[in-house]
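Please look over the sequence and the structure shown below. The paragraphs that follow go through selected parts of the fold.

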Amino acid sequence: MGQTITQKILARVAEREHVGPGENHAVRPDYMIAYDFPGYTDRFFRQMEEDFGMTQVAEPDRYVLFVDHMLTNNDAREAEVHKVTRDWAHKNGVHFHENEGIGHQVAAELGYARPGTFLIHFDGHISSLGAFGALGMGVRRDLLEGWVTGGIHLDVPASTRFHLTGGFAPGVESRDLIHQIISDIGADGVAFQVMEYTGPGAESMPLGHRQSLCGMAMFAGGVSAIFNPDEMSLEYSRGVTDRDLGPLYSDPDAVYTARHDYDLDQLSPQVVLPGSARSSHTVPVGDVAGQSINRAFIGSCASGRIEDIRAAAEILEGKKVASGIELNVVPTSKRIYDQAESEGLLTVLRDAGAQVVDSSCDFCFGYAKPLAAGESCVSTGVLNISGRMGSPDSEIYMGSASTVAASALAGRLTDPREAVQ
């Protein structure tokens, strides 16, 4: 019986020839990743020393730390959080990255997400690295086990296959696809499974769109998402690492829990309505077109990549955002910021009235410029639960970068296909 790419990756790190869904195995992740945040990494550092007597990790090359939250207020609390992480990283000699961008993106840029690798994090959005044929999983309760012992015990997940044909029409993006999928299968439609994307539609999809698609797997109940490596992702990986690549691929006779077929040509722009804890309350943007907004945000680990910035610039070039609208654009990493600057895209956005901000997670979780009561925002962030971006009495609509840009231009929720025609 054939294996999925997920089974093959987990078999490798379990040092077995074959693993099956539902089996529990001890595995050794290639990388154990975290970002500093109060109550997470600072607690890990303390527990490792006080509860387990660890004053030095044995294999520092397998640990990766990012500073990508709490970067915008420049206060004493921020400074202390980052100092604790910085000091621990330097003491232990682990990989440490500060002011380079959102870690889930920077991990790809620095070559950690080589095809065939297995990476764990306490944040499930690490699944975005599946765009490169790597398996990233959020293991919030078990990450400390990995940090202390170098491995975790893991139930092998089954996989559901999403076979994609066609291509995105102008104004339609992978965020529309994932919201459509969640609307169709429900917020637990792939509970404890991996979403595997295949087919010509998957192979033609830009890497940034793949990352957005994989990064939202948790909102369909998935533990991760993945694409089989192809020349596009392999070329990227060869450009960011000189380590040997070990791509793995699903067998033709691999067994899946279910298969869903999507024709990308048939997709339309989607919007997730406010208050949906797991992004499951989704409607075509046309159903709510005309709803007024006063804030707009393009960024987060599920957006803000070069493809998103290009799409927004195409809509906004030579125009101005509507009066009374605040549009904040946060490129996902410093590299993407610099690339967008060199392509002239950020100049287009600034001329249109957007505020372009250095990369961080701070807008997405309401730390930077929090929404006030009564405000309404359209966002490419990852969550729109009450209070996610500020006041619990504000509203958050979620959509693609194209939808956000078109809505900022009009001052109300707008189908982006109207702006790109």
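Strand 3 (residues 63-67) is largely enclosed by the rest of the structure, because five of its five residues are buried. The model is a predicted one. In a regular strand the side chains alternate between the two faces of the sheet. Strand 3 is covered on both faces: Tyr63, Leu65 and Val67 are buried on one side, and Val64 and Phe66 are buried on the other.

Strand 3 has a pairing partner in strand 2, with four bridges in the parallel sense. Within this pairing, Met32 has Tyr63 of strand 3 as its bridge partner. Between strand 2 and strand 3 the chain passes through helix 2 (residues 41-50), and this β-α-β crossover is right-handed.

Strand 3 also runs parallel to strand 4 (residues 95-98), to which four bridges join it. Here the bridge partner of Phe66 is His97 in strand 4. The chain gets from strand 3 to strand 4 through helix 3 (residues 76-92), in a β-α-β crossover that is right-handed.

**Aromatic residues**

Across the whole structure, a search finds 17 aromatic pairs. One of them joins Tyr31 and Tyr112: the ring centres are 4.9 Å apart and the planes stand at 70°, so the pair is edge-to-face, the class for planes over 60 degrees apart. Tyr31 belongs to strand 2 (residues 31-35), while Tyr112 sits in the loop between helix 4 (103-109) and strand 5 (118-121), so the pair ties together parts that are 81 residues apart in sequence. With buried defined as under 20% relative accessible area, Tyr31 counts as buried because its relative accessibility is 3%. Tyr112 counts as buried too, because its value is 5%.

A set of aromatic residues forms one cluster, and its members include Tyr35, Phe37, Tyr40, Phe44 and Phe45. Tyr63, described above as a buried residue of strand 3, is also a member of this cluster.

**Helix 6**

Helix 6 (residues 174-185) has twelve residues and spans 16 Å from its first C-alpha to its last, close to the 16 Å expected at 1.5 Å a residue. Ten of the twelve residues are buried, so helix 6 is largely enclosed by the rest of the structure. The buried residues of helix 6 include Leu177, Ile178, Ile181, Ile182 and Ile185. Ser174, Arg175, Asp176, His179 and Gln180 are buried in helix 6 as well. After helix 6 comes Gly186, which has a positive phi, near 95°.

**The two domains**

How is the protein chain divided by the domain assignment? The assignment gives domain 1 (5-264) and domain 2 (269-418). Their centres, taken over C-alpha atoms, are separated by 24 Å. To the contact between them, domain 1 gives 42 residues and domain 2 gives 39 residues.

Is Leu383 buried or exposed? Leu383 counts as buried, because its relative accessibility is 15%. From C-alpha to C-alpha, Leu383 and Gly275 are 8.9 Å apart in space, although 108 residues apart in sequence.

Terms used: Residues numbered from 1 in each chain as written. Predicted model: local features only at pLDDT ≥ 70, side-chain atom pairs only at ≥ 80, totals over all residues. Heavy atoms only, no water. Helix = DSSP H or I, 4+ residues; strand = E, 2+ residues; numbered from the N terminus. Expected span 1.5 Å × (residues − 1). Buried < 20%, exposed > 50% of the residue type's maximum accessible area, 1.4 Å probe, protein only. Phe/Tyr/Trp six-rings, centres within 6.5 Å; stacked < 30°, edge-to-face > 60°. Pairing = 2+ DSSP bridges. Right-handed = clockwise from strand over helix to strand, strands pointing away. Domains from an automatic or database assignment. Contact = heavy atoms within 4.5 Å.
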